[in-house]
Amino acid sequence: EADPVAILVQLLAAFGNVIGPQPHFVAEADRHSLKLFTVLVGTSSKARKGASWGHVRHLVGCVDPEWKDDRIVNGLSTGEGLICQVRDPITKRNAIREGKGKDRKIVGYEDVEIDGGVSDKRLLVVESEFCSVLRVMARDTNTLSAVIRNAWDQDRLQTLTKNEPATATGTHISMIGHITRDELCRNLTQT
């Protein structure tokens, strides 16, 4: 009963994510890989949005089971959270000290990796309740909307905060959302 158009749209998004950023085309001076951001709009329980995703997830999972298990996520809430899913390794600079007690002096520094980051930068976000994403993006201080737009436009994401800056390079993020028409009209108020 799944809608053939819904299956096709989600298959294109999933396929583009599975194959990664290497296949691309160039428009003007910009490189465009096969990233799709799509939202399926249909009535609740009758449009079979979830059923259509089940077919695609199974099919693409046969091609790349590791991707199916590790690179499909949901639960978008902040831009920093999205960046964390494709983050670069995080290092911390530690002082090297010599001596004892009050006579300890810094003689150098060493960089220590505190987080190995994520090696597979492909990520498919599937939000079966896309209205929750729209509500989160409407919050005044939330960075999710800006980070999502940057994920579409480029492969480098970052937030510049003093204590915990987040960076992800070489990202390949695609998105699929499901929502009803009423929820879309009610929650899509701005950008």
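1. Which side chain does Arg122 join in a polar contact of 2.8 Å? The partner is the side chain of Asp120, a polar contact being a pair of N or O atoms within 3.5 Å, where within protein one must be able to donate a hydrogen and the other to accept it, and where residues adjacent in sequence count only if both atoms are side-chain atoms. The model is a predicted one, in which local features need pLDDT of at least 70 and side-chain atom pairs count only at pLDDT 80 or more, whereas totals for chains, interfaces and linings use all residues. Residues are numbered from 1 along each chain as its sequence is written, and side-chain values use heavy atoms, with hydrogens and water left out.

2. Arg122 lies in strand E7, residues 122-127, where helices (H or I, at least four residues) and strands (E, at least two) are DSSP runs numbered from the N terminus. With a relative accessible area of 14%, Arg122 is buried; buried means under 20% relative accessible area, exposed over 50%, and partly exposed in between, with a 1.4 Å probe and protein chains only. The side chain of Arg122 also reaches the backbone oxygen of Val18 at 2.6 Å. Leaving aside neighbours within four places in sequence, the contacts of Arg122 (heavy atoms within 4.5 Å) are Asn17, Val18, Gly20, Asp64, Trp67, Arg71 and His172.

3. The side chains of Arg122 and Asp64 meet in a salt bridge, at 3.2 Å from N to O, the term standing for a side-chain nitrogen of Lys or Arg within 4 Å of a carboxyl oxygen of Asp or Glu. Because Arg122 lies in strand E7 and Asp64 in the loop between helix H2 (49-63) and helix H3 (65-70), the pair ties together parts that are 58 residues apart in sequence. Asp64 is buried as well, with a relative accessible area of 17%. Asp64, Asp120 and Arg122 are linked in a network of salt bridges, and by this rule the count comes to five salt bridges.

4. Arg93 is exposed at a relative accessible area of 58%, and Asp111 counts as exposed at 53%.

5. Lys35 lies in the loop between E2 and E3, and is buried yet has no salt bridge, the nearest side chain of opposite charge, Asp155, being 7.0 Å away; Lys and Arg count here as positive and Asp and Glu as negative, while His and the chain ends are not counted. The side chain of Lys35 does reach the backbone oxygen of Ala151 at 2.6 Å, and the backbone oxygen of Gln154 lies 3.1 Å from a polar atom of the Lys35 side chain. Not counting residues up to four places away in sequence, Lys35 touches Ala151, Trp152, Gln154, His172, Ile173 and Ser174.

6. Leu36 is in the loop between strand E2 (30-33) and strand E3 (37-41) and, at 33% relative accessibility, counts as partly exposed. Leu8, Leu12 and Leu36 make a nonpolar surface patch of about 250 Å².

7. In helix H5 (residues 130-137), Phe130, Cys131, Val133, Leu134 and Val136 are buried. The buried residues of H5 pack against E3, E7, helix H6 (144-153), strand E10 (172-179) and helix H7 (181-187).

8. Trp53, placed in helix H2, is buried with a relative accessible area of 10%. Not counting residues up to four places away in sequence, Trp53 touches Gln10, Ala14, Ile72, Leu124, Val126, Ile176 and His178.

9. A last point concerns backbone geometry. Glu28 has a positive phi of about 60° although it is not a glycine; Glu28 is in the loop between strand E1 (24-27) and E2, and at 80% relative accessibility counts as exposed.

Terms used
Patches are made of residues with over 30% relative accessible area and no salt bridge: like charges are joined within 9 Å, nonpolar side chains (Val, Leu, Ile, Met, Phe, Trp, Tyr) within 5 Å. Accessible areas come from the Shrake-Rupley method with a 1.4 Å probe; for residues, only the protein chains shown count as cover.
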